[in-house]
Amino acid sequence: SLNDKLLQFKYNEDIQVSNESLNAIAQYDFEGVINTKVEQLDSSKGAVTELFEVLSKNCEYDQLLLNLKNYTMKSENETNKGPINQEWVLQGIQASIFTGDTNDLKKWTTLSQESNVIAIPGSDLSIYYEIAVGLMALKDSSVPRCLKHLEEAVKYIGLAISNSENITHRKIPDYMVLLHALYDFKLLVRMDERNDSTIQHLKRRLQSSKKDFKSIWKIHSMKSSIYRLHSDPAFQELYKDSLIEGCMILRENGKLPQATKLITKALVLNDSSTTGEMTQASTLLMNVEFSKLFWAQNDYETALKTMGLVVKDMSSKNPYFLDFSLTYLNWLDISAEGSSDLIREKYNILLNDKRFERSAEIYYQYAVYLNKLLEAQVPDEADGSLDIQVIKYYILAVSYSKTYAHEILPKAITLWLDYYNKYLMLDSSSKVTRKLIDSRSNTYQKINLTIEKCVSELGCKWYIVLSQIISRITHDDKKITDIISKVIIELTVKYPWLL
């Protein structure tokens, strides 16, 4: 049926498809009722209200406010115009809080004052009203008045939670998110000037909060609104930074159209700002996010070009240099835009920099790349040089970090234990030259020395591969069995509680 087909669009997993279909249904219902019986106008608001609720659920606050503006104008044009739908008012004031637009805040707080629900302490409208008025007080540089309204909002949330008879359990997480955001709000309002330690503290709080997109985006959006409305120029710089941070959140959650819109806003604002351009650090982060957004959209050429320029212009002393360089090298590999010689050359430049000699990330990523080359090479032509490099860098990564131990230590041990049979135990029909056999033998000795040296260095991490090495205690090569024995003794003597 037609309804069934519409429902398939309506509840589509693609949010954009769902939003567009709901918008079409709401528009059809609303205009259909207007063209027939005007007295049925309120009944059409169900479909429209559902559209607003879905937009709010998906955190599409700008789109929600635009639709609210359109539908309220249509309602006001009707001859039997009455009070605006209370659900619409709630959605409007909520969205205006998370966008930080002054005109929307004024409009929806004024409409809220016309509602009887606002007089009920603990109602959703009373909570959002206090937050909205607090934001407007911040805009007017009235910090005491702002803090007073925030305290009222916190008190009303407490009343809402304590009223267990009327509250649904699914609303409690929303209240917790609001309390988190209001705590951040109060910290920022009390800042007389930019305080980087407070800014970092808020970022850590966000990182340790709930990981669902809706919660993270609400907390971030309110913080961004505070920066936007604050009169201090330092907060305007923070607002620009928050746009970049917001783009990252959207991109990481697969909301690429919204992320594109936000990064474009950041670029335009930076270009036309009367308060000055972004700091060099902020511009750098904006360019990186710009490139990551293109990468997420499979525009590899633009992404690589932008990131390449970023890395080229950066000093190796910059704290972001290593992270961005590794991202760029990983992209070169994935996109097949760089030759293996070029990629290995750039990795070696990083490896030769003493600042990064204890960086597990470099060793890990380079070893993973070399392992791809190892798997692609022709076995009969291999001299073992890739094997020893992969083993060496896997071991170094494990030595400097526990992060990769369970993933790559078993791989390194497998390469070591299989090397003898793979390269040195050749049948009579093999056409491998004497020179290649000698090269393989020399490499094998070096691999054994590498493993033997790290017996005590890896310590208890050997327990990860204990069953793996015990199963090879009867290896054909005595040197292997000797090293395995040393590992077992190491674990038995120094870490007996693990056995």
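Mentor: Start with the terms. Axes are lines fitted to C-alpha atoms, for helices over the stretch in contact, and angles run from 0 to 180 degrees between N-to-C directions. Helices (H or I, at least four residues) and strands (E, at least two) are DSSP runs, numbered from the N terminus. This is a predicted model: local features need pLDDT of at least 70, side-chain atom pairs count only at pLDDT 80 or more, and totals for chains, interfaces and linings use all residues. Residues are numbered from 1 along each chain as its sequence is written, and side-chain values use heavy atoms, without hydrogens and water.

Now the pair. Helix 5 spans residues 86-99, and helix 6 spans residues 102-113. Their axes lie 9 Å apart, at an angle of about 150°. That makes helix 5 roughly antiparallel (over 145 degrees) to helix 6. The crossing of the two is left-handed: the near helix is turned anticlockwise from the far one by less than a right angle.

Next, the contact itself (heavy atoms within 4.5 Å). Helix 5 brings W88, V89, G92, I93, S96 and I97. Helix 6 meets them with D104, L105, W108, T109, L111 and S112. By class, this contact has seven nonpolar, four polar and one charged residues. Here Ala, Val, Leu, Ile, Met, Phe, Trp, Tyr, Cys and Pro count as nonpolar, Asp, Glu, Lys and Arg as charged, and the others, Gly among them, as polar.

Last, the setting. The protein has 24 helices and zero strands.

Definitions and conventions. Parallel < 35°, antiparallel > 145°, perpendicular 65-115°, else oblique.
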